[in-house]
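Here is a short report on pockets and helix packing. Start with the structure below.

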Amino acid sequence: MQDIRKALYVGTRSDGRLIQRPMSPHLQIYRYRLSMVLSISNRLTGVAATGGAALGVFWLGAAAKGPKAFATARKVTGNPAGQLLLVGWLASVVYHTVGGIRHLIWDSGKRYDKEELNKDGPVAVGVTAGVSTVLAAGLLGVAAKRARALAKAGKAS
């Protein structure tokens, strides 16, 4: 039995003679470039951002259910693994936003040359790292200050 997919790769030369067209190369053929990794990462961070949004809905639902459910949600987000998960979510949202801005610029027809793409990739990574670090440090700092204030208020009682 012949493979039906072979029929899809039949083409004709300019002189009318039938030829078998090559299959499109796959990832093993391409040399990995930063722009390629960033493009794949943009898609992955979109999935991660959606998953994190589901966790945000869980957190809001717990807040709406009452103090007991919200205390459980705070235990999850307050431990180091939960905070690491939140920082990862934050970084994925920031990167996906930066990647989205790059795509909007490309859609306008700008910065689409190979040289510009290669220059903009490290900038996108740097902006993501900088913004994510500042936001995460700010949020973790506020959380630590709040925890200290609550502990101090508990001792004073």
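Which element gives the most to the lining of the largest pocket? In this predicted model, that element is α4, with 8 residues. Helices α1 (34-65), α2, α3 and α4 (114-156) are the elements that each give two or more residues to this lining. W59, T77, G78, L86 and A143 lie nearest the centre of the largest pocket.

The second largest pocket draws two or more lining residues from each of α1 and α3. Closest to its centre are S35, M36, L38, S39 and W106. The table sets out both pockets.

| Pocket | Volume | Lining residues | Lining by class |
|---|---|---|---|
| Largest | about 830 Å³ | 25 residues | 18 nonpolar, 5 polar, 2 charged |

Now the helix packing. The axes of α2 (residues 67-78) and α3 (residues 80-107) come within 5 Å. They cross at roughly 75°, so α2 is roughly perpendicular to α3. On the α2 side, the contact uses V76, T77 and G78. On the α3 side, P80, G82, Q83 and L86 take part. By class, this contact has 3 nonpolar, 4 polar and no charged residues. T77, G78 and L86 belong to this contact and also lie among the residues nearest the centre of the largest pocket.

Last, the record. An unreviewed UniProt entry places "transmembrane region" at residues 44-63, 84-105 and 125-144. In the model, residues 84-105 are 100% helix and 0% strand, with end C-alpha atoms 32 Å apart. Residues 125-144 are also 100% helix and 0% strand, and their end C-alpha atoms lie 28 Å apart.

Technical notes:
Residues numbered from 1 in each chain as written. Predicted model: local features only at pLDDT ≥ 70, side-chain atom pairs only at ≥ 80, totals over all residues. Heavy atoms only, no water. Axes fitted to C-alpha atoms, helices over the stretch in contact; angles between N-to-C directions. Helix = DSSP H or I, 4+ residues; strand = E, 2+ residues; numbered from the N terminus. Parallel < 35°, antiparallel > 145°, perpendicular 65-115°, else oblique. Contact = heavy atoms within 4.5 Å. Nonpolar A, V, L, I, M, F, W, Y, C, P; charged D, E, K, R; others polar. UniProt positions renumbered as here; feature names shortened; annotations may be inferred. 1 Å grid on protein atoms, 1.4 Å probe; cavity = no way out; pocket = protein on both sides within 12 Å on 5 of 7 lines; lining within 4 Å. Points joined across faces, edges and corners; volume = space filled by probe spheres on them.
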